[in-house]
Amino acid sequence: MCKVKRMLSYLLLISIPALISSDFITTESEHHKSDYVNSLPNVPNLAGRTIKKRSTEEHGKKPQRDLQIYSMKIESKVTSRFAHTVVISRVVNRANVSKEAFFEMELPKTAFITNFSMSLDGTTYVGAVKEKETAQRQYQQAVSRGQTAGLVKVSGRKMEKFQVSVNIGPTKKVTFELTYEELLKRNLGKYEMHIRVKPQQLVKHFEIDVRIFEPQGIAFLNVDAKFLTNNLTSIVKQTLTDTKAHISFKPTLEQQRKCPDCHETILDGDFIIKYDVNRDLSAGSVQIVNGYFVHHFAPANLSRIPKNVIFVIDHSGSMRGTKMRQTNEALVKILDDLDTKDHFAIIIFDHSFKTWRSSIFQATPDNVTEAKTFVQTISARGGTNINDPMLEAVKRLDQAYKEKLLPERSVSMIILLTDGDPNEGESNPTKIQKNVKNAVNDKYNVYCLGFGYDVKFSFLEKMALENSGVARRIYEDSDAPLQLQGFFDEVANPLLLDIEFQYPESAISGLTKSSYGQLYGGSEIVMAGKILDNNIELLRAEVFAQTANENLTLQTEVKVSEAENITQQQQYIFGDFTERLWAYLTIQQLLEKRISAETNEKKNVTDRILELSLKYSFVTPLTSMVVTKPEENENDTFVADKPSDDDEPLQEFQTSFGHQSKHSSRKTKVLSTRLQTLARPVHSAQQHFHSRLSPLAPPGVGGFVSSPGMAFRTQGRLQDIFDMPIYGPGLPIYATDIPIYATDIPIYATGLPIYATGLPIYATDIPIYASVGSSIYGLVDSDPHFIISINDHSDAICFNIDGKPGAILNVVTDPSPGFVINGQLIGEKKIETNKKINTYFGKFGIGNEKAGVKVEVSTQTITVFHGEDKIIFPWSATAYLARESFSISIVKEKNLTLTMGDDATFVIVLHRVWKNHPLHRDFLGFYTLDSHRLSNRTHGLIGQFYREVNAEIYNIRPGLDQGKPDATMIVKGHKLRVTRGYQKDYRLDPQRGTNIPCWFVHYNGKGFIDGIPTDYVVTSLFDSLYS
């Protein structure tokens, strides 16, 4: 009887990020043999991977690598713009103990992974694409056992990073093989193929081999590898004939070295292949293989068509500074590039909108000059009202056509640039999308540019796709003006209007999109379909369109037998490439259609995407890849998500230690919905770390845990990881004897990130000085003490409110989304006559009309009202709840973090006192972590200070109490006496608190708050100040 080897499932949940997030997961055994010895008495022994401190090598000595990549080959075949890429990496473990081998590869965002396999000990474990929900059930089961793995992450603007690991025994080898496919898109007159080269070590056998076959003929070919110095560009070998190209890159070990005696590699960057094909004024090129055809259309020698452009530009307060300057700079250049036959208008908006002139004008030199002068005066201020200026833009175009001011044959478009979500006027994104769609009514194109990551890209994407446009993210970087100009260049030269493709109806099925509003110079239209009639000899394709001056009809006839013979004779062809290209293109177009589809249609579209994804083994937003591997190859836990376009990429920078680290461009992280997947609890941080700070750490870098070259990953904001909200430069964080478990978001300690991948992090009695996010926005805690940051968070003002038990005070009100936070005061158990009554917040009510949610927080329970649902959580359990519009994370008996969509994030801290205490009761504290998306109409005892507060403090002098100087403060037009003192921040230490220096405003904040305290009294827990 043969022995059956038990198997475990590697769930690799990977998908295209453009639409929805999905996961790449590996399930692993809980039991893992480890040579880690736990010498800390208070830390439980943990199964799984351990991290040991890396030793530094003496200068000049060759580093000994236990895990060595001895071979890496990237092979790509491109046929008619469809690229099929296979990456093979071979790794050997030269150590005498088991080691964990990582495979990392960066691939284009537009690519679909089609296969992944691992070969070890003579057995190959091959991935299978499954429906996402099926794989998700296995994933959730794995999570419940503390088992997860795998990841795909955004890496820069155009790439994603695929990463997976496997444990290999002493002297053993493993082979990783990844396959992905993509359709190269023509942009500004060329196709670009990006191959990210980053082995991170010298590789004995390294090779890139790319073969291109284009039946139309290759017009030009360029290879750009910026990591190669001029004297090494000859390493790249290019062979070009009429229809074929071969690119080969095989550097030797010596050629890979940064210097003759170095052990560092130069292979770190993008290997970019650019080319175009021959073109003429024809119906295009058609290829046929095994009953499927692909039709490429981009005719040459066409005159440009005039365009009419309405620029709708955000100049709200969040655009202040670099973004506004870069936008103005780009607009000036774009205006210069307008053709004199073009027409344009400019609308700028904050909480309202303003127009340059009252209509749309021709781009004459005088008009352009005047518009450039106007653009250079645009400054940032106010909120974000997107709805009204967009409707005004449509109105301008409608009126101009009605008055016959615009050429009959012209392209009209609205280009929206914004860096934030709507928070003024109509602020409901769905209503804005509907309003714009109804107004546009298929007459014009809407292009949406999202500047940075504070705008929800999916909102812009849907609005653009519903109106025959596209959405594009503009990255906050020094080249932002070039990005804006680059986008405009793509739509600057319309060549054709109202393009229709026709094929014999009885002979064709499954045709991809065949009608287009415009064709722009430098782009290309691609169609694909099935040929139903196996006996057909000729395939006829006709194209109908409008040029600048006339109607255009083009046609071509292709002999099926000859077309198939041309491609089948080529060694470049990978299987039935036309069929796979047709499936790829169909899925991509259906994914776009799915964004704006109504409920019934959306289900049909979803079913079709899933059907094709499974049939052709494409990993898409609806599918996942499952790989099986043997039980003995176990790793510890790590969780990761493949990102959506609303996620931001990890950016790399060089630390002072000389190794690569990653951080996110946004300072404050919204609580990840994936926190529910953490298999182990996050521990408290009210103690000290046990580990030694690296002796190489520069002076003053007190918070970097572990040694140079080692990275740790964490998930969630720093305050989530430590069970306490942590904000404020110079604020020390202590933790002792406790491992921290998390995944995927950097913790910033004095400017350096710490990463962990489900690994215990230990450190020694060293404060970590956090500079995550901004300093304290506003908080209220204890009797109720309010602390407000001023002068760009460089100082703080504090005040008390003396209220009566039972009174309900408004803390925050924003009427735009119907957002409110109120707190109810409680008193001590015994109230003595003629003595000051100490009051505290015993209950908070948080409501958001737009999200349809109310949350009531008391010292006993947390109650959530959402629609018809009522959910009650006790403080005695750690819990997590996520909905589309909000999420709540509860840390047992400590705090809860409430995130209201993308609008705001708050923490409520629970203070427990001895239940038999003769006076004191349990009470709550309130802390604001993020509020920048609330409107400028926000008010309340804390809400009024979400806008920047500036105060002048002078004449510091001895005060009435020794050690507490007085000063004069001018704020909001009032001159006040203030006293230097301290108030408590209980986020780190709920028992003792942390002293926060501040200037105390006397008499219930008189002169600092608007009005008087009784102005903020409301009648019920969810009433607004404006009720």
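**Close-up 1. His1002 sits in helix α13 (residues 1002-1005).** The model shown is predicted. His1002 has a relative accessible area of 19%. Buried means under 20%, so His1002 counts as buried. The His1002 side chain makes a polar contact with the side chain of Thr979, at 2.9 Å. Beyond its neighbours within four places in sequence, His1002 is in contact with Arg977, Val978 and Thr979.

**Close-up 2. Helix α3 and helix α4 come within 9 Å, axis to axis.** Two packed helices are described by the angle between their axes and the distance between the axes. Here α3 spans residues 322-336 and α4 spans residues 365-376. Their axes cross at roughly 175°. That angle makes α3 roughly antiparallel to α4.

**Close-up 3. Side by side, α3 and α4 meet through residues from both helices.** On the α3 side are Asn328, Leu331, Val332, Leu335 and Asp336. Facing them from α4 are Val368, Ala371, Lys372, Val375 and Gln376. Six residues of this contact are nonpolar, two are polar and two are charged.

**Close-up 4. The largest nonpolar core holds 56 residues.** Which of its members touch the most others? They are Phe116, Phe176, Ile212, Phe249 and Phe271.

How values were computed. Residues numbered from 1 in each chain as written. Predicted model: local features only at pLDDT ≥ 70, side-chain atom pairs only at ≥ 80, totals over all residues. Heavy atoms only, no water. Axes fitted to C-alpha atoms, helices over the stretch in contact; angles between N-to-C directions. Helix = DSSP H or I, 4+ residues; strand = E, 2+ residues; numbered from the N terminus. Parallel < 35°, antiparallel > 145°, perpendicular 65-115°, else oblique. Contact = heavy atoms within 4.5 Å. Nonpolar A, V, L, I, M, F, W, Y, C, P; charged D, E, K, R; others polar. Core = buried A, V, L, I, M, F, W, Y, C linked by side-chain atoms within 4.5 Å. Buried < 20%, exposed > 50% of the residue type's maximum accessible area, 1.4 Å probe, protein only. Polar contact = N/O pair within 3.5 Å; in protein donor to acceptor, adjacent residues only side chain to side chain.
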